[in-house]
Amino acid sequence: MHGALIGRAGDASQEEPVLLGRSMVVVSLGFSDARYPRLAGELFEDEQHLRWAAEDWGHLVHDRPRAVLRPGSVSDIRAMARFAAERGIPFVPRAQGHSSGGQAQAKNGIVVDMRGLNGIDAVQSEHVVVGAGARWSEVLRATLSHGLTPPVLTDYLELSVGGTLSVGGIGGTSHRSGLQTDNVAELEIVTEEDELRTCSRTRDSDLFDAVLGGRGRHGTIIRATLRLIPAKTCTRRYKLYYRELSPLLADQCLLVEDGRFDHIEGHARFADSGEWIYAMVLATHFDPGEEPDDAALLGRLGHESAEIDDMGCFDFLNQMEDDEAYLRSTGAWEQPHPWLDLMLPGSAAEDFIVETMRKLVLDDIGESGLVLFYPFHTRVITTPRVRVPAEPRAFLFSLLRTAPHDEVVVSRLVESNRELRQRALSLGGTVYLEHAESP
C-alpha cells in the first residue's frame, strides 16, 4: 500500500547499458534519451521481477512495469525519482504489496523494492526510528524487548511501515489511540522533486501532513520515527459470541465509551450451516500478578457465550500468523480479494451493516472471507489526509471477500462494492481504502 505516481509512461524503445555500482546490466526501459544514473543497487527487467511487481494481495490488477529498482541507498531512490520525473513515467515504491487494487504497481514505469530499507534503530524510551520497508512484526519484536509497543497495530503484522503510514493504519486499539499515522513523530521523505527532507508536526508540517495517509502521492517515505508506549507482558483475550448482530454493535459502542478494554473489534463469518457467526474479540493487557477481573470486564454485556484465554502479548498481536498459514495451505491466499473498506457515520452504521449483511450469501464473501466492524471516536483521528465521517462516532466496516479465479464472479463483487460505496457516501460515510474498480 505504499506508492507514488508521477506523470505518465514514456513510449519510445531502446536498449541501453546501465551502470549499477561496479557492474553493468543491460536493460530495455524503452526511452530514446535514456542515460541512467550510477546506482549502488540493482535495476531489473527480467520476467521474475516484472511479474512480482505486477502482482499484489488483491490479484485483480496486473500492471507490469518496465523495470524494478532494488536500491542500495537513498541516493538511488532520489536519482531514479528524478529520472522518472524528467520523463513523465510512473515511479512507485512497494514493499509487501498487500494492496488489493494495484496501488503499488507502475504500468510501464519503475517499481522500487523497498523491502531492503528495513533497518530499526536503537529503541528509545518514547520512540523508535525505522526504515519504511520494515515490517510491523519486526518493529514489535524490537520494541517489546524493551517493554514498549507502538500504540496502534494492524491485525496483520507483516505489512510494511511505509505501506500502512501511506493509508492510515487502523486496528483494535484505534478507539483509544487513533491510527498509526496519528502516532508518528517524524518522517524522512524523498519528495516528488527528489529532495530528501525531514518533517514533523512542527517542522515542514505541510509535507508531513500531506504524506501521512496521502497514498504515496506526495513523496516516498524513507524512515519514520514512531511513538511508543509501555507494554504489558500478558494478554487476556475474550471471544464473545452473539446470536444477533444488533446487540453486538450496541455492546461495542458501550465499550468504546467506557474504555474498559484495550482492544475492541468485531467480525462475522459464515458457519458450515450457512448461518452467520457473530463475534466480538476483546483484550486487556496485564503483567503477572495483575490478572483482570473477568466479571467486572464482562458486566452489562449481552453475549450468548464466551471463550477466555491468556497468552503472551506478542502472540495475541500476531494472531494472523496462523491464519496466514491456513489460507496459504488452502490456496485462498492466492485467490482474488475484491475488498471493500468503509467508515460509516455512527447514526447510520447499524442500519447499513445489518441490511448489507442480510443480503449477503456465502458466494459473496467466500469460505475464507470475513466481515469486520468496530467503532471509534472520530476525534482521535487527527491525520488530515484521512477523511472520517462528520460525526462524533464512526464504524469501520470491511468486506474482506475471497473470490474464485472467475472474471464474471469478480466483476459482480466489484460492482457490488461500487454500489455499497456510493450508498455509504450518500449517508456521509467515507472510503478508508480505495480498491480495484474492475478485475
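I looked up Glu-324 and found it buried, at a relative accessible area of 14% (buried is under 20%, exposed over 50%, partly exposed in between, with a 1.4 Å probe and protein chains only). I then noted that salt bridges with shared partners connect Glu-47, Arg-51 and Arg-64 in one network (a salt bridge being a side-chain nitrogen of Lys or Arg within 4 Å of a carboxyl oxygen of Asp or Glu).

I keep in mind that this is a predicted model, where local features need pLDDT of at least 70 and side-chain atom pairs count only at pLDDT 80 or more, while totals for chains, interfaces and linings use all residues. Residues are numbered from 1 along each chain as its sequence is written, and side-chain values use heavy atoms, with hydrogens and water left out.

**Salt bridges**

I find 26 salt bridges in the structure.

Glu-324 pairs with Arg-328 at 2.9 Å, N to O. I place both in helix α10 (residues 320–330), four residues apart, about one turn of the helix (helices are DSSP runs of H or I with at least four residues, strands are runs of E with at least two, both numbered from the N terminus). Arg-328 is partly exposed at 45%.

I next checked Glu-158 and Arg-135, whose closest N and O atoms are 2.2 Å apart in a salt bridge. This pair links distant parts of the chain, 23 residues apart: Glu-158 sits in the loop between β8 (148–149) and α4 (161–165), and Arg-135 in the loop between β7 and α3 (136–144). Glu-158 is buried at 18% relative accessibility, and Arg-135 is partly exposed at 24%.

I also looked at Asp-310 and Arg-236, which form a salt bridge at 2.7 Å, N to O. Asp-310 belongs to strand β16 (residues 305–312) and Arg-236 to strand β13 (residues 234–242), so the pair ties together parts 74 residues apart in sequence. Asp-310 is partly exposed at 42%, whereas Arg-236 is buried at 10%.

**Helix α11**

I listed the buried residues of α11 as Ala-348, Ala-349, Phe-352, Ile-353, Thr-356 and Met-357. They fall within an arc of 140° seen down the axis, so they line one face of the helix (the arc is that of the directions from the helix axis to the C-beta atoms). The face turned away from that buried side carries the exposed residues Ser-347, Asp-351 and Arg-358.

**Gly-116**

I located Gly-116 in the loop between β6 (110–113) and β7 (127–131). Gly-116 counts as exposed at 60% relative accessibility. Its C-alpha atom is separated by 39 Å from that of Glu-419, 303 residues apart along the chain.
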